[in-house]
Amino acid sequence: MKKKYLFESTSFLRSILLLSLFVILLIGGFTYKHIANLKDSTEVVVKTYKVNVELEHIISYLRDAESGYRNYIATKDTLYLRPYLNASEKVNSSFLKLKGLVKENSEQLENLKVLNILTDSLFSNFYKSNVFVKNDETNTEAFRSLYFKEKIIIDSIRRQSKTMFDLENKLLNVRQEDYQSDSQFTPLFFYSVLLVTLIFIIIAYNKISIDLKHIKVKNDQLLIFKEATNQSEIIGKHGNWIWHIESNMFAYSDNLYRLLGEEPQSFEATFDNFLKFVHPEDVEKFSKDLDKMITVEELPITNYRIIQRNGSIKYLKTYAKSFYSDNGQKRLIGNTSDVSYEIENILKLEEHNLKLERNNKELSAFNYAASHDLQEPLRKIQTFISRLEEKEGNKFSDSGRQYLDRIKSAATRMRLLIDDLLQFSRTNKPDKEFISSDLNTLFENAKQDMAEIILEKKAQITIDTLPKVTVIEFQIQQLFSNLLSNSLKYSQEETVPIIKINYSKVKADEEPDLIKATKSLYHKITFTDNGIGFDQKYTDQIFQLFSRLHNKKEYSGTGVGLSICKKIVDNHQGFIFAKGEINIGATFTIYLPVS
Amino acid sequence: MHTDYIHIILADDDEDDILFFTDAFDELKINTKVNTFKDGEELMNYLNTDKAVMPEVLFLDLNMPKKTGLECLSEIKANDKMSGIAIAIYSTSASEEDIEKTFVLGANIYIKKPADFKNLKKVLSEVVSINWQYHTNSLNKDNFLLRV
């Protein structure tokens with residue numbers, strides 16, 4: 001975007017410059033032409049002036065000749081004939097000059113010819129009348145008619161020269177008008193062209209200053225970016241490098257030196273110099289990865305160790321990608337980061353995990369073994385009790401009988417506890433198979449397990465159609481059967497237990513309970529009963545192992561069943577919540593993630 | 001070959017259980033002859049002798065010293081002479097794992113030792129009166145574990 005802008009700007013400036021150059025050339029051309037015109041006009045004026053002068057000359061010569069001639073006629077003194085004799089020569093030379101001056105004007109040439117004829121006839125008239133003067137025949141009719149004719153010719157000459165004079169003046173006027181309009185128009189033209197050029201130059205200047213401002217801003221940004229990169233490299237513990245493959249030239253960023261434990265730019269950036277830091281055991285792998293990079297042009301992330309000069313070992317991670325410059329030069333741009341902290345943490349975490357796993361395994365093995373091995377002696381105790389009761393029962397006193405009953409119920413309770421514990425430890429084992437299962441079938445199986453007590457209590461169970469979900473089958477069946485058993489066990493006396501199981505698919509963000517949800521969609525299954533319920537303040541306690549809200553004598557729970565439910569739901573990345581109201585009932589809500 | 005009584009063998013290391021077992025058969029008044037062995041090795045040694053009488057039903061505890069019930073089971077099923085014996089697993093626990101393993105190895109029924117003597121008698125009488133031919137044909141994972 002910016003690049004395009006600058007490109008457009010450059011071509012714009014170039015065209016402005018070309019345009020300005022063209023305008024200056026144009027002005028030069030016009031100026032030259034105008035000066036030439038001016039010169040022409042001056043020449044025309046001069047010429048007109050010369051023509052007029054020559055015409056004046058001719059007239060004055062002729063006038064001199066005429067007046068001399070008149071004096072000659074009156075005095076007969078031949079001295080007065082000199083101007084007359086000189087006139088012919090002078091008029092002729094003036095004619096030649098005039099001919100040269102008006103040679104480009106055919107009308108004037110024609111006039112000149114007429115003038116020439118007129119002067120010629122004047123001179124021939126002179127000669128003819130002169131003869132009369134010499135012979136002193138001035139009183140004759142012929143002389144008088146010649147003299148009269150002479151007067152007429154001179155008038156004609158005057159008129160003719162006046163015509164030529166007028167014509168020349170008229171031409172001069174036309175030229176002057178031309179010149180005037182020329183000289184009026186030219187400055188205006190110059191001025192406007194100069195103005196336009198000036199505007200162009202101002203636009204160009206404006207453009208250049210805007211560009212400069214842009215470049216300055218960009219430069220500033222680049223500077224900030226560079227500094228930010230520098231800082232982020234220091235904070236993020238990474239550095240970058242460029243490898244110009246053809247010229248085998250390297251450049252490291254300052255922080256890459258720091259990662260190696262060296263001062264920035266303190267040694268020449270080369271491949272071999274870098275290799276000196278790589279841990280001897282990792283050199284081979286590192287080199288192999290670099291070879292791969294040259295062939296695949298993209299270095300797979302490579303992890304290796306380096307040894308700094310002070311002997312400390314660091315874990316580095318490098319990634320690089322090749323780029324081609326505008327002129328086709330291949331360059332590899334890489335990023336190397338110090339992951340020592342992370343790796344040390346991972347190692348620590350792994351160690352912790354291993355320890356935890358071991359502890360967990362031991363615990364669950366202990367739990368399983370304990371509950372499993374406890375079964376055997378307990379079973380024997382129970383069997384012996386049953387033998388004692390059967391064989392020797394009638395030999396006991398009343399209190400003895402009572403003690404026996406107490407032993408029996410204690411043993412029964414212990415069996416219950418052991419069975420539940422065993423089940424709890426089984427739900428702990430991680431190696432369970434998740435398969436897509438029809439929850440309806442699992443619920444039916446659970447119901448089957450409870451068939452006897454359902455029948456006994458005449459419980460009414462209604463259920464929505466459940467979905468197919470990927471679960472650990474036996475655990476979900478266990479979950480259903482524990483919840484059913486819970487509702488049946490804590491039913492109100494003299495009331496038919498009603499258990500409703502509802503199902504809906506919900507979005508996590510629409511359920512206020514699901515603030516810790518990791519998935520977006522959940523299957524929501526609720527078990528609602530009309531049993532004795534519980535105080536809402538025990539809602540969390542209810543899922544704790546061995547936690548009981550009721551007296552053992554009233555209700556026979558072990559406090560394990562709901563813990564198992566919680567564990568099962570946890571195993572499925574789900575959630576379980578309990579809501580209760582005393583003597584109204586309890587609701588258990590299960591959320592299982594939609595796979 | 002005597003046909004007037006049912007020949008039964010129990011291999012179990014627990015003296016109390018042996019006592020319950022023999023007492024139960026005594027009280028059941030079924031014409032049975034019960035042989036007991038204290039561990040798996042003793043049992044196999046007996047079965048491998050020429051004079052050994054193959055029982056109608058062999059009750060096999062799983063957790064025994066020297067040779068476990070599982071080892072005995074696989075040896076018996078691998079032996080042509082013995083493979084016809086109906087084998088009832090007789091164990092304290094009924095873990096999924098044990099049930100699965102013994103079923104795969106070819107045991108005929110799995111009994112979890114009852115905690116009540118009356119129940120014990122009921123279970124044992126049921127087991128000895130099973131028609132093994134019929135039972136084995138319809139045997140599956142669900143009816144493998146005997147429920148009382």
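Biologist: Before we start, how are residues and chains labelled, and which pLDDT limits apply?

Modeller: Residues are numbered from 1 along each chain as its sequence is written, while chains are lettered from A and ligands numbered from 1 in the order in which they are written. The model is predicted, local features need pLDDT of at least 70 and side-chain atom pairs count only at pLDDT 80 or more, whereas totals for chains, interfaces and linings use all residues.

Biologist: How many helices and strands are in chain A?

Modeller: Chain A has 13 helices and twelve strands, taken as DSSP runs numbered from the N terminus, with helices being H or I of at least four residues and strands being E of at least two. Of its 595 residues, 21% are buried, where buried means that 20 or more other C-beta atoms lie within 10 Å of the residue's own, exposed means 12 or fewer, and partly exposed lies in between, with C-beta atoms placed from the backbone.

Biologist: Where does chain B touch it, and how many residues are in contact?

Modeller: Nine residues of chain B are in contact with eleven residues of chain A, contact meaning that the C-beta atoms, placed from the backbone, lie within 7 Å. On the chain B side, α1 (15-28) and α5 (117-128) each supply at least two residues. That side of chain B divides into three nonpolar, two polar and four charged residues, with Ala, Val, Leu, Ile, Met, Phe, Trp, Tyr, Cys and Pro counted as nonpolar, Asp, Glu, Lys and Arg as charged, and the others, Gly among them, as polar.

Biologist: Staying in chain B, why is β4 largely enclosed?

Modeller: Five of the six residues of β4(B) (residues 86-91) are buried, so this strand is largely enclosed by the rest of the structure.

Biologist: And which strands pair with it?

Modeller: β3(B) (residues 57-60) pairs with β4(B) in the parallel sense over four bridges, pairing being counted if DSSP finds at least two bridges between two strands, and B:Leu58 stands opposite B:Ile87. β5(B) (residues 109-112) also runs parallel to β4(B), joined by four bridges, and there B:Ser91 has B:Lys112 as its bridge partner. The chain crosses from β4(B) to β5(B) through helix α4(B) (residues 96-105) in a right-handed β-α-β crossover, which is to say that, with the strands pointing away from the viewer, the path from the first strand over the helix to the second runs clockwise.

Biologist: Back to chain A: what is the strand order in the five-stranded sheet?

Modeller: The sheet is open, with mixed pairing and the order β7-β9-β10-β12-β11. β7 (460-463) and β11 (575-581) stand at the edges, each with a single partner strand, so one side of each is left without a neighbour in the sheet. β11(A) runs antiparallel to β12(A) (residues 585-593), and seven bridges join them, with A:Lys579 partnered by A:Thr587.

Conventions:
Contact = placed C-beta atoms within 7 Å.
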